[in-house]
Structure formats: structure tokens, C-alpha cells
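Please look over the sequence and the structure shown here before reading on. The briefing then goes from the whole chain to a few charged side chains.

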Amino acid sequence: MAYRYADWGIVWWVEDFISLSQAQEQQLNADIEKLKQWHCSTELPRYRAWLSNIDNDLASGKPTSEAVGRLQDQLVSFFPPLMQGITPIAINLLSSLSDEQVRELAGNMEDNHRELEEEFLAGNAETIAQARAERTIERAERWLGNLNDSQQTIVKNWSESRTGQTKIWLEGRRNWQKALLEALENRRAPGFEQEISELINNPEAGRGDAYAQRMDESMEAMSSLIQDLLHASQPSQLDHLAQRTSELNGDFKALTCKPGPEVAMQSNQ
């Protein structure tokens with residue numbers, strides 16, 4: 001349901017930050033519809049293939065560290081095409097903003113950032129680590145079912161080792177937003193499209209060196225966490241994971257669409 005109504009959801013999300021004019025909303029809806037047509041015809045089949053790879057690995061028992069690394073690399077590879085597809089939509093919208101809308105965007109981003117700080121940085125380091133562990137356990141249990149004591153200890157130790165991660169993430173997020181607002185000051189000038197394209201397709205550059213370094217470490221740490229959780233898993237948990245991936249694959253199959261004229265034309269070129 002979320003995917004089918006993603007176009008509405010995106011517009012609502014944008015309007016949480018910017019009050020759109022009727023013309024802007026119509027243009028955004030048209031742009032999103034094209035993106036959605038491309039995504040459901042081109043990208044969802046890739047996601048299904050990825051899920052099938054997980055099923056194949058599970059059929060042989062617990063996935064090896066090499067298999068987990070390969071699957072993680074494949075997952076990460078899905079993001080660049082999506083960001084490239086989003087880029088012209090963002091440029092269309094951002095270049096049309098009035099000065100008043102830019103000020104509104106800046107104010108709403110600041111309010112949102114403050115709320116995130118209050119939510120994720122409340123308390124001391126121990127409290128933050130505990131909250132991170134609870135969120136991670138909840139996410140892991142969507143795929144594996146209830147975690148056993150050993151797995152919960154693994155998550156707790158992993159969370160404690162990620163001290164400072166949330167703060168660096170929020171600082172990187174604020175740096176990126178600052179870079180966006182600076183670019184918007186020159187939204188009528190030559191080079192604006194290139195600036196926005198760089199911010200979307202190479203966001204680490206706008207978030208700062210500390211964020212980029214931490215992100216590389218986080219990817220390795222996440223891969224190790226997944227490997228450790230799978231290594232400590234029980235057969236019933238692997239069955240739960242296989243069932244979950246199969247259900248998701250079925251959802252993606254139902255959502256996959258035929259390419260529209262523009263997508264088909266690009267595929268034939």
C-alpha cells in the first residue's frame with residue numbers, strides 16, 4: 001500500500017517543509033509519476049533478483065561472511081540509480097522556489113533537526129546506546145523473529161561500540177542542509193543544477209569528512225553485525241527470514257509494472 005501511494009506520500013512529505021503552489025504541486029506530481037513508472041518497471045525486478053539471491057544462500061544453510069558482503073554490496077548498488085532519477089525532480093522543484101519558500105524550508109529544517117536531536121540525543125552515552133540497541137533489535141526481529149539471548153547481547157555490544165555515531169549522523173545531516181540552503185541562494189544562476197546534482201548523488205561530500213569516515217566504518221560494522229546475528233541464529237529464525245524474503249518478493253512481483261513509453265524508449269537506445 002505504501003508503494004502504491006508513494007506519489008501522494010512524497011508530496012505530503014515535501015509539503016511538511018514547503019507550502020507548494022498549485023503549479024508546483026502539479027509539476028511535482030507529474031515528475032513523480034514518471035519516476036514511479038521507471039522504478040516499478042526497471043528497479044523492482046532488480047530487487048526481486050536480490051531477494052532470490054538471499055533465498056538461494058539460505059537454502060544452503062547460514063550465509064557465509066562472503067555472501068553477506070556480496071548481498072550488502074548489491075543492496076547499496078540500488079541507491080545510485082534512484083538518486084539519479086530523483087535529481088531532475090529536485091532541480092525542477094528547487095529552482096522554482098520563491099524567497100519566502102526558501103525561508104520556510106530553512107525554518108522547517110531547523111525545527112525538524114531540533115526534534116531529531118531531542119529524540120536521538122536525549123540522555124547520556126549509555127542511554128543513547130541502549131535506545132540504539134532497542135531500535136536495532138526491533139528491526140532485526142522483523143526478519144528473524146524474536147532474537148535469542150546471544151543475539152541480543154551481540155546487538156548490545158555492537159550498539160555500545162558505535163558511540164558518537166548518532167551525533168555524527170546529525171551533524172552530517174545539518175552540514176548537508178546548510179549546503180543545500182547556500183545553493184538555493186543561487187538557484188537562478190548558472191551551475192545551480194550541477195550543485196544540486198552533486199548534493200544528491202554525492203551527499204557525503206556535503207556532510208563532511210567525519211561523516212564520510214564514520215559511514216565507511218558503519219558499513220563494515222553493519223556487515224559484521226549481520227554476520228554475527230546469522231551465525232548465532234536458530235533454524236526457525238532462518239525459516240522466518242526465508243518466509244519474509246519470499247513474501248516481500250511476492251509483493252514486488254505484484255507491484256512490478258510494464259515500462260511506459262519513455263522508459264521503453266530509453267531501454268532500446
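Predicted model: local features only at pLDDT ≥ 70, side-chain atom pairs only at ≥ 80, totals over all residues.

**Overall build**
- Taken along the principal axes, the box filled by the C-alpha atoms of the protein chain is roughly 55 × 50 × 30 Å.
- Of the 269 residues in the protein chain, 37% are buried, and the accessible surface comes to about 15900 Å², with 52% of that surface belonging to carbon and sulfur atoms.
- Among contacts between residues at least 6 apart in sequence, 82% join residues at least 24 apart.

**Charged side chains**
- The protein chain carries 26 positive and 42 negative side chains, and the centres of these two sets lie 2 Å apart.
- Side chains of opposite charge can pair when their charged atoms come close.
- A search of the whole structure finds 7 salt bridges.

- R70 is partly exposed at 33% relative accessible area, whereas D57, at 18%, counts as buried because the cut-off for buried is under 20%.

**A network around E110**
- E110, D111, R114 and R174 are linked in a network of salt bridges.
- E110 pairs with R174, the closest N and O atoms being 2.9 Å apart, and this links helix 5 to helix 8 across 64 residues.
- E110 also pairs with R114 at 3.9 Å, and these two residues of helix 5 are separated by about one helical turn because they are 4 residues apart.

Key: Residues numbered from 1 in each chain as written. Heavy atoms only, no water. Buried < 20%, exposed > 50% of the residue type's maximum accessible area, 1.4 Å probe, protein only. Contact = heavy atoms within 4.5 Å. Areas by Shrake-Rupley, 256 points an atom, 1.4 Å probe, with all protein chains shown as cover. Lys, Arg positive; Asp, Glu negative; His and termini not counted. Charge placed at Lys NZ, Arg CZ, Asp CG, Glu CD. Salt bridge = Lys/Arg side-chain N within 4 Å of Asp/Glu carboxyl O.
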